[in-house]
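Open your viewer and get your selection tool ready. We will go from stop to stop, and at each one you will hear what to select and what is there.

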Amino acid sequence: MTTFLIALAVLIAGYFIYGMLVERVIGCTSQREMPCYTKQDGIDYMPLPTWKVFLIQFLNIAGLGPIFGAIMGIMFGPAAFLWIVLGTIFAGAVHDFLSGVISIRMGGASLPEIVGSQLGNGVKQLMRGFSLMLMILVGAVFVLTPAGLIAGMTPDWMDATFWVCAIFIYYILATLLPIDKLIGNLYPVFGFALLFMAAGIMGVLIFSDVTIPDGITQGLYNRSANADVMPLFPMMFVSIACGAISGFHATQSPMMARCLKNEKLARPVFYGAMVTEGIVALIWAAAAIAFTGGYENLSGYLAEHGGTGGLVHDISIAWLGTLGGALAILGVIAAPITSGDTALRSARLIAADFMNMEQKTIMKRLAVSVPIFVLTFVIMQIDFDVLWRYFAWCNQTLAVFTLWACTVYLAHRGLTYWITMLPAMFMTCVCTTYILFAPEGFGVDYTISVAVGLIVTAIAAGWFMKKVAFAPKMSVIED
């Protein structure tokens, strides 16, 4: 319990202390003209209440990562608690916050345009295709997952296929309609359910007779049953993505950058939403080992009780009762849906940006969206486990590009760039090692994979120092 409370306190303190430091580095100001006013179109660019912007951002980035990812990640042992806390404060929240602020300063530009502006036109073209494909992968994954969860709670005739169709129709509408319609009206309901779930589970952990067997005093070694094939580094850092750092988040920040009314609100919305997600991940990681009795029992419980979804259902009902459990499960279902719909909406915005096609008319939105819907449907036919593994790596690789772009942005303006350079180097090593070592990658020997990861990281850092860090600086006023 002590470990959990300390971790919770550090996350909250991180928002106020380190978040404020990062805000001072980037220099947010209330005097800046905001895209929601300068480009207002009634579809994607429009001022929204700050509480709505926060909830939309939080639900956009949440997905199943801070719940399912945290549960799968905690099987690696107490090191997962450290990664959730430190990853959120020093990597994930900084990544989300700075990508949002830079988007504001570029008129609400989508992520490929942000990265391309800092890393060059060649990288911009790569990022356009890469991020567009990731958004489609997210849309496909987050149709299948909630459809299966809802099907298990409804009559037989409402099977997974029925819910796949229903969710996909909703995604189409959420992608095409103005952001203040479906998304702006439904997210407060979904947000309440997700936050109620997290608060309820946390209340049980703190105030009930529950033991959290964190095992941190026994060391941070890998508790995974198959530690030889699932080493702590890099596997844990890819398994726990949305609860620590996730490249997907940077594709969502620009969407809310187009609705935020004041740049000084960027830290509460972007940094704050990521810290909130880190808290949700911390809660579910602790709940998983508390409910099952420890790391050794967790994998067995998942195998015998319907996987991660079965464990989430059992914890919700056992700890929150029938009504509370129903609300909690609604939150778990809402989380992937509210990431899937905005993923496809982001795909439309990314495609529209690189085609330079305004989106005021429904016909132009359809012209961009229909190919995206078709491709999403085709990808949904691929085996889910394969989809999820490649999504996880693509997701973290996108974070690498975003962090390096933010580092270049800061360095060009003579600002403190180490706040993004250090996590960029770490995630470069993680992603390089993972794709070389993992079975779905190249299956290279572990030692060689780590060595190559370190070499690639050193090359990236050397290129930055030579080409950017010592180059002439531009004035912040140029923003």
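Before the first stop, a working definition: on a 1 Å grid over the protein atoms alone, a cavity is a set of points where a 1.4 Å probe fits but cannot get out, whereas a pocket is an open set with protein on both sides within 12 Å along at least five of seven lines; lining residues have an atom within 4 Å of a point. Grid points are joined across faces, edges and corners, and a volume is the space filled by probe spheres set on the points.

Two notes on the source. This is a predicted model, in which local features need pLDDT of at least 70 and side-chain atom pairs count only at pLDDT 80 or more, while totals for chains, interfaces and linings use all residues. Residues are numbered from 1 along each chain as its sequence is written, and side-chain values use heavy atoms, with hydrogens and water left out.

**Stop 1: the cavity.** Select Ser-110, Leu-111, Thr-251, Pro-254, Met-255, Arg-258, Ser-346, Leu-349 and Ile-350, which line the largest cavity. Its volume is about 60 Å³. Helix H11 (247-257) and helix H14 (307-355) each supply at least two of the lining residues; helices here are DSSP runs of H or I with at least four residues, strands are E runs of at least two, and both are numbered from the N terminus. The lining has five nonpolar, three polar and one charged residues, where Ala, Val, Leu, Ile, Met, Phe, Trp, Tyr, Cys and Pro count as nonpolar, Asp, Glu, Lys and Arg as charged, and the others, Gly among them, as polar.

**Stop 2: Thr-402.** Now pick Thr-402, in helix H16. Is Thr-402 buried or exposed? With a relative accessible area of 2%, Thr-402 is buried (buried means under 20% relative accessible area, exposed over 50%, partly exposed in between, with a 1.4 Å probe and protein chains only). Beyond residues up to four places away in sequence, Thr-402 touches His-95, Ser-99, Leu-111, Val-115 and Ala-250; contact means heavy atoms within 4.5 Å.

Stop 3: Helices H16 (384-412), H17 (418-437) and H18 (446-469) each give at least two residues to it.

**Stop 4: the core.** Show Phe-97, Leu-205 and Trp-284, which have the most contacts inside the largest nonpolar core, a group of 174 residues. Helix H12 (residues 266-292) contributes the most, with 19 residues. Such a core is a set of buried Ala, Val, Leu, Ile, Met, Phe, Trp, Tyr and Cys residues joined through side-chain atoms within 4.5 Å.

**Stop 5: Ile-212.** Move to the loop between helix H9 (182-207) and helix H10 (232-239), where Ile-212 lies. Ile-212 is buried at 5% relative accessibility. Its contacts beyond four places in sequence are Met-1, Phe-4, Leu-205, Ala-286, Ile-289 and Ala-290.

**Last stop: the whole chain.** Zoom out to 18 helices and zero strands. Of the 479 residues, 60% count as buried.
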